[in-house]
Amino acid sequence: MSGHRDHGGGIDAACARFGGERGDWLDLSTGINPVPYPIHAFAADAWTALPDAAARDHLVQAARSFWNVPAQAAVLAAPGASSLIARLPGVFGAPDRVDIETPTYNEHAAAFRAQGWQVGTGQVGTGQAPVQVVVHPNNPDGRLWPARALSGAHVIIDESFCDIAPAQSHIARAAREDTVILKSFGKFWGLAGLRLGFAIGAPKVIDRLADLIGPWPVAGPALDIGARALSDQGWAQDTRARLGQDAARLDRMMVAKRALPLGGCDLFRLYEVEDARAWQARLAQGRVWSRIFPYSQRWIRLGLPAPQRWAQLEAAL
C-alpha cells in the first residue's frame, strides 16, 4: 500500500517518537508552500450538489490559461496528482518496461510495478523503454530535464513543482501524441488537503485516463478554489518572489551550520550533512520535522517555514 512507502509528513509519528503536540511542530518534511492561497466563502451548493459541468469547465479554462496549454491538448482535473499517477500505467496498454531514473518521487515506480511493469532505474533518455517518466524539477534534488533527454515512445513529465519556474515548463510538448504532463495544485498554492491535480496531453490518452478516474472526480469546493487561484496571476507572481527569497535565506542558515547545498527548488532544499539521521533527531528536539531518505545517510531535505516560524527553525539549528 502507498502508506508504507517513504514520504514526507508523518507528524503524528514524530510526536509519538519525540514528544509534543501537533501544533508544536514545524513540518518542513514536505515541499508545500507555507503561505497558502486564501480560501474564500463557498455557496452552500458547493457542498451539497454534485459538481456540475460548468464548474468543471471553468476550472479547466483557468488551468489552460495559467499554464499556456496548447489548444490541441486536453486537460483533466482529478483528486490529486497521486490519483493520476496511480492510474497512468493503465492507459499505455499491456505491461512492458518503463524507465524512471532515480532518485526521484517513488510513487511513479510503485504505480507501474503494481500493474505488472518492469521498472528500469538507470539513465533515462536512451529510448529503450516504451514509457519514460521524469519529475521536473526533480524531487529531491531539483534537477531540470532538458528536452533532448525526453525520448521515450510515451513520456510522462511530472511538473508538480514547476509552478515556481514556469519558464522551465515543458507544457508545449502537451500538443504531442507521446506526452502527458502532470500538475499538482497542492504544492505551489499550499493547499495539499484540497486534493487537486491535472493531467494534460493528447485527447485520446486523457480520455482513457478520465474513464479510469470516473465521474465527478473533483469536489465542488476544489473546483471553486482551483478556478479562482489559477486566475490570480498577481498572487502567483508575488509568491514566486517570496519563495525565492526564502529559499536563499534557508540556504544561508544551513551553510552557516556546515550543511552543503545540493540542489532543490524554491519549495524545498536538499543538503548534504555528515549524518542525516542525527540531524533529523537534533531538529526534532526543537519540534522541527525534516525529510531524510532510505537510500542516503547524508541527505536531508527541508521545506520552507511560514514567515512567523523562522525563529523556531533557528532555535532548533
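Which residue in E5 stands opposite aspartate 99? It's glutamine 132, and that pairing is a handy way into the fold. A word on the model first: it is predicted, so local features need pLDDT of at least 70 and side-chain atom pairs count only at pLDDT 80 or more, while totals for chains, interfaces and linings use all residues. Residues are numbered from 1 along each chain as its sequence is written, and side-chain values use heavy atoms, with hydrogens and water left out.

Zooming out, the protein chain comes to ten helices and 13 strands. Helices (H or I, at least four residues) and strands (E, at least two) are DSSP runs, numbered from the N terminus. The C-alpha atoms fill a box of roughly 50 × 50 × 35 Å along the principal axes. A compact globule with 317 residues would have a radius of gyration near 20 Å, and the protein chain agrees with its 20 Å. That radius is taken over C-alpha atoms, and the globule rule is 2.2 Å times the number of residues to the power 0.38. Of the 317 residues, 52% count as buried. Here, buried means under 20% relative accessible area, exposed means over 50%, and partly exposed lies in between (1.4 Å probe, protein chains only). The chain exposes about 14100 Å², with carbon and sulfur atoms supplying 51% of that area; the areas come from the Shrake-Rupley method with a 1.4 Å probe, and for residues only the protein chains shown count as cover. Among contacts (heavy atoms within 4.5 Å) with a separation of 6 or more, 67% involve residues 24 or more positions apart.

Back to strand E3, residues 97-100, which has pairing partners in E4 and E5. Two strands pair if DSSP finds at least two bridges between them. E3 and E4 (residues 118-120) run in the parallel sense over three bridges, with valine 98 standing opposite valine 119. Three bridges also join E3 to E5 (residues 131-135), again in parallel. Between E3 and E4 there's a helix to follow: E3, H5 (residues 107-114) and E4 make a right-handed β-α-β unit. Right-handed means that, with the strands pointing away from the viewer, the path from the first strand over the helix to the second runs clockwise.

E7 pairs with E6 in the parallel sense over four bridges, where valine 155 has threonine 179 as its bridge partner. E7 also joins E8 (residues 197-201) through five bridges, this time antiparallel. In that pairing, phenylalanine 198 is the bridge partner of lysine 183.

Side chains of opposite charge can pair when their charged atoms come close. The structure holds twelve salt bridges, a salt bridge being a side-chain nitrogen of Lys or Arg within 4 Å of a carboxyl oxygen of Asp or Glu. One of them brings lysine 183 together with glutamate 159 (2.7 Å, N to O).

Another salt bridge joins aspartate 178 and arginine 176 (2.8 Å, N to O). Aspartate 178 is buried, because its relative accessible area is 16%, whereas arginine 176 is partly exposed at 40%. Aspartate 57 is partly exposed at 38%, and arginine 56 is partly exposed at 43%.

Aspartate 251 sits in H8 (residues 233-256) and counts as buried at 16% relative accessibility. Leaving aside neighbours within four places in sequence, aspartate 251 is in contact with Pro261, Arg269 and Tyr271.
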